[in-house]
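Here's a quick tour of a protein model with DNA alongside. Take a look at the picture, then read on.

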Amino acid sequence: MPKKRYWLMKSEPDVYSIDDLARDGSTSWEGVRNYKARNNMQAMREGDLVLFYHSNAKPPGIAGIARVSREAYPDHFAFEKGHKYFDAKSDAAKPRWHMVDIEFVEKLPELVSLVDVKGEPALADMELVRYMRLSVQEVKKAEFDRVKTMGGLK
DNA sequence: GCCAACGTTGGC
DNA sequence: GCCAACGTTGGC
């Protein structure tokens with residue numbers, strides 16, 4: 001049994017928020033079109049925990065926790081001509097893009113804003129701070145736990 | 001709405 | 001393989 005890993009995934013709450021995930025129970029995470037982000041998704045294992053980050057929000061920040069419920073499988077939206085995630089360079093025989101499913105775990109009682117993260121020395125090495133533009137990142141267990149505490153959970 | 005920071009694409 | 005042009009992300 002490999003060790004559990006921790007991740008951070010970004011979503012614009014206007015498109016899909018932690019409340020939407022709470023309502024739906026679980027969702028598929030399609031549409032990632034960045035190789036680093038894809039590679040991270042392919043490294044995810046069922047049961048890994050995910051910080052759910054609200055980007056392009058007021059304020060931006062970590063809003064809740066989710067769990068990987070299905071490991072990487074081909075992003076079939078890339079095969080659908082006319083779909084906004086269509087990519088002619090990806091086909092069913094050799095899919096270029098993958099997606100995972102995540103399920104709702106809990107919402108943080110208090111949003112841990114990006115400002116909070118930047119102001120916390122223990123989180124200074126997070127990719128969220130150092131390399132802002134990656135939509136799927138790995139986080140360390142200590143960072144994950146710190147965010148949980150800051151968000152009002154034990 | 002602006003624009004910095006990246007990633008991707010394509011000409012050469 | 002270089003690099004300019006272009007597109008996207010996402011904070012502000």
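Let's start with Asp20, which counts as buried because its relative accessible area is 17%; buried means under 20% relative accessible area, exposed over 50%, and partly exposed in between, using a 1.4 Å probe and protein chains only. Keep in mind that this is a predicted model, where local features need pLDDT of at least 70, side-chain atom pairs count only at pLDDT 80 or more, and totals for chains, interfaces and linings use all residues. Residues are numbered from 1 along each chain as its sequence is written, chains are lettered from A and ligands numbered from 1 in the order in which they are written, and side-chain values use heavy atoms, with hydrogens and water left out.

**More on Asp20**

- You'll find Asp20 in helix 1; helices (H or I, at least four residues) and strands (E, at least two) are DSSP runs, numbered from the N terminus.
- Setting aside neighbours within four places in sequence, Asp20 is in contact with Pro13 and Val15, where contact means heavy atoms within 4.5 Å.
- The side chains of Asp20 and Arg23 make a polar contact at 3.1 Å. That term means a pair of N or O atoms within 3.5 Å; within protein, one must be able to donate a hydrogen and the other to accept it, and residues adjacent in sequence count only if both atoms are side-chain atoms.
- Asp20 and Ala93 are 73 residues apart along the chain, and their C-alpha atoms are separated by 33 Å.

**How confident is the predictor?**

- Chain A averages a pLDDT of 92, and 99% of its residues score at least 70; pLDDT is the predictor's confidence in each residue, from 0 to 100.

- Asp75 sits in the loop between strand 4 (61-74) and strand 5 (98-113).
- Why does Asp75 count as buried? Because its relative accessibility is 0%.
- The Asp75 side chain reaches the backbone nitrogen of Phe77 at 3.1 Å.
- Not counting residues up to four places away in sequence, Asp75 touches Glu30, Gly31, Val32, Arg33, Trp97, His98 and Met99.
- Gly61 belongs to strand 4 and is buried, with a relative accessible area of 0%.
- Beyond its neighbours within four places in sequence, the contacts of Gly61 include Phe52, Tyr53 and Leu111.

**Inside the protein**

- The largest nonpolar core has 19 residues, and those with the most contacts inside it are Met9, Trp29, Met41, Met44 and Ile102. Such a core is a set of buried Ala, Val, Leu, Ile, Met, Phe, Trp, Tyr and Cys residues joined through side-chain atoms within 4.5 Å.
- Strand 4 gives the largest share of this core, three residues.
- Another core, of 18 residues, lies apart from it, with Leu51, Leu128, Phe144 and Leu153 among its members.

**Around the DNA**

- DNA strand B is surrounded by Asn34, Tyr35, Lys36, Lys89, Tyr131 and Arg133; a residue is near a molecule or strand if one of its heavy atoms lies within 4 Å of it.
- The residues around DNA strand C include Lys10, Tyr53, Asn56 and Arg133.
- Sugar and phosphate account for 58% of the atoms of DNA strand C that come within 4 Å of the protein.
- In the side chain of Arg133, an N or O atom is 2.3 Å from a base oxygen of DNA strand C.

- Asn56 and Pro59 both lie in the loop between strand 3 and strand 4.
- Is Asn56 buried or exposed? Asn56 is exposed, with a relative accessible area of 63%.
- Asn56 has a positive phi of about 55°, although it is not a glycine.
- A backbone N or O atom of Asn56 lies 2.9 Å from a phosphate oxygen of DNA strand C.
- The peptide bond from Lys58 to Pro59 is cis, with omega near -5°.
- For background, most residues other than glycine have a negative phi, and most peptide bonds are trans.
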